[in-house]
Amino acid sequence: MEKLFHLKERGTTVSREIVAGLTTFLAMAYILAVNPSILSQAGMEWGPLFTATAISAAIATLVMAFVANLPVALAPGLGLNAFFTFSVVLGMGCTWQFALTAVLLEGILFIILSICGIREAIIKSIPEGLKKAVAVGIGLFIAIIGLANAGIVSTQTGTLIGFVNFNMANKAAVVAIIGLLITIVLYTLKVPGSVLLGIILTTIIGIPFGVTTIPENFKPFSAPAMPYLFKFDFAQVLTGKFFVVFFTFLFTDLFDTIGTLLGVAEQGNLKDKDGNVLNAKGALMADAIGTVAGACLGTSTVTSFVESSSGVAAGGRTGLTSVVTAILFLISLFLSPLFFLIPAAATAPALIFVGYLMMKSVTGINFEDPTEGIPAFVTIIVMPFAYSISKGISYGIITYVIAKCAGKKIKDIPVVTWVLAIIFLADIIFEAVK
């Protein structure tokens with residue numbers, strides 16, 4: 001283990017990595033149910049989609065473990081699967097085979113870009129202050145995901161958004177709040193694996209509330225269905241419609257992954273002496289290989305998950321965390337009914353608490369300098385309110401270039417940052433006029 005993952009060098013242990021891997025898996029296990037439910041609306045079957053989700057997540061996460069040695073898990077991404085179903089298939093009238101072809105070619109291009117170091121160069125071009133802002137923005141983003149998953153926040157409160165009443169009409173919210181308090185107490189008392197223990201205890205507490213439901217004749221084992229294999233349609237590859245779909249997948253995946261890597265690296269101090277993400281090239285390769293594998297198995301784009309932050313919060317610092325998470329994805333193929341017992345109200349406290357842990361990076365942002373502070377602020381607020389990591393990065397970089405120009409600090413802007421700002425601005429204009 002020491003030879004493979006350099007545990008001592010990163011100040012961790014095997015037991016801590018195992019707990020972290022379990023925590024990450026439990027925080028993102030919902031994707032095993034959510035991804036098939038979304039993609040099945042495109043005309044695909046739930047069973048094969050479940051299998052494809054678990055296997056593609058395991059493959060990509062294992063590549064992340066052994067190539068990049070980072071505690072980052074991957075799976076078919078939320079948002080990307082919604083675009084696949086509701087925009088490409090239902091909205092544009094394309095077949096799901098057409099959409100899978102776009103995902104496959106996007107993944108192949110990503111492998112080429114990763115080998116050439118282009119994606120790594122993009123990460124390095126993002127200014128240090130914005131890197132810290134990305135971590136904070138992701139923290140708020142996943143905290144909102146947790147609050148929404150548990151039903152704690154709602155748009156039905158008479159205001160734009162608000163907390164629900166904590167009564168028996170909102171049992172999931174009550175259970176989640178209890179779980180959050182438990183997690184806070186355990187973490188403050190420095191109990192090892194406090195985030196994971198919080199998930200387990202909250203799941204148990206949810207039983208008498210009816211939030212954790214155990215079906216009649218419950219059986220923890222089930223045989224996995226055969227996934228879709230190589231179901232592609234290359235007939236329309238050279239059409240304008242295909243290129244729109246292809247570049248939307250490409251753009252969203254690229255910056256969602258970069259944002260997640262920056263956030264996790266900042267939180268776990270997984271950076272080199274120059275402040276760059278450790279083994280970024282390998283991490284981006286894992287994302288690209290996962291996307292190709294996912295397309296071949298019949299699922300939408302595979303990307304790094306922000307929920308990996310919960311594993312880092314539990315002490316994960318190496319690829320061993322990712323190995324544990326990947327193994328659990330494979331086990332889930334046969335134990336899916338058991339994992340489905342864990343309600344969103346039980347994983348929500350972990351996501352909310354990670355928001356606090358990632359907020360710490362805000363102290364490293366120089367808000368006294370408006371050319372640094374304003375772009376950081378824009379990055380932070382856009383991610384949760386636009387519900388998009390990639391939008392947070394794009395608006396932050398555009399603002400960074402504008403602020404530096406206004407502050408007569410043009411020399412501070414790297415060439416790649418200029419290029420990214422122009423691309424992001426063009427994308428915003430294209431979205432507005434199409």
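Where in the chain is Glu9 found? Glu9 sits in the loop that runs between α1 (2-5) and α2 (14-28). This is a predicted model, so a friendly place to begin is with one residue that you can pick out in the viewer. Glu9 counts as exposed because its relative accessibility is 65%, and the cut-off for exposed is over 50%.

Glu9 and Ile342 are 333 residues apart along the chain, and their C-alpha atoms are separated by 34 Å.

## The chain as a whole

Stepping back, the chain contains 18 helices and 4 strands. Its C-alpha atoms fill a box of roughly 65 × 55 × 55 Å along the principal axes.

How does the radius of gyration fit with a compact globule? For 434 residues, a compact globule would have a radius of gyration near 22 Å, and the chain has 21 Å, so the two agree. Buried residues make up 57% of the 434 residues. Among contacts with a separation of 6 or more, 80% are between residues 24 or more positions apart.

## Surface and charge

The chain carries 24 positive and 22 negative charges. The mean position of the positive charges and that of the negative charges are 4 Å apart.

## Cysteines

How many disulfides are found in the whole structure? The search finds 0. Cys296 is in no disulfide, and the nearest cysteine sulfur, which belongs to Cys94, is 20 Å away. A disulfide needs two cysteine sulfur atoms within 2.5 Å.

Is Cys296 buried or exposed? Cys296 counts as buried because its relative accessibility is 17%, and the cut-off for buried is under 20%. Cys116, on the other hand, counts as exposed, with a relative accessibility of 56%.

Let us now look inside, starting with Thr85. Thr85 has its place in helix α5 (residues 80-89), and it is buried, with a relative accessible area of 0%. Which residues does Thr85 touch, not counting those up to four places away in sequence? They are Ile38, Leu39, Gln41, Ala42 and Leu90.

Next comes Ile138, in helix α8 (residues 128-149). With a relative accessibility of 2%, Ile138 counts as buried. Leaving out residues up to four places away in sequence, Ile138 touches Gly259, Thr260, Gly263, Val306, Met358, Met383 and Ile389. For Ile138 and Asp274, which are 136 residues apart along the chain, the C-alpha atoms are separated by 22 Å.

Ser309 is part of helix α13 (residues 308-313). Ser309 is buried as well, with a relative accessible area of 1%. Setting aside neighbours within four places in sequence, Ser309 is in contact with Ile142, Val264, Gln267, Val354 and Met358.

Met358 is among the residues touched by both Ile138 and Ser309, and you can look for Met358 in the viewer together with helix α8 (residues 128-149), where Ile138 is found, and helix α13 (residues 308-313), where Ser309 is found.

How values were computed. Residues are numbered from 1 along each chain as its sequence is written. This is a predicted model: local features need pLDDT of at least 70, side-chain atom pairs count only at pLDDT 80 or more; totals for chains, interfaces and linings use all residues. Side-chain values use heavy atoms; hydrogens and water are left out. Helices (H or I, at least four residues) and strands (E, at least two) are DSSP runs, numbered from the N terminus. The radius of gyration is taken over C-alpha atoms; the globule rule is 2.2 Å times the number of residues to the power 0.38. Buried means under 20% relative accessible area, exposed over 50%, partly exposed in between (1.4 Å probe, protein chains only). Contact means heavy atoms within 4.5 Å. Lys and Arg count as positive and Asp and Glu as negative; His and the chain ends are not counted. The place of a charge is taken as NZ of Lys, CZ of Arg, CG of Asp or CD of Glu.
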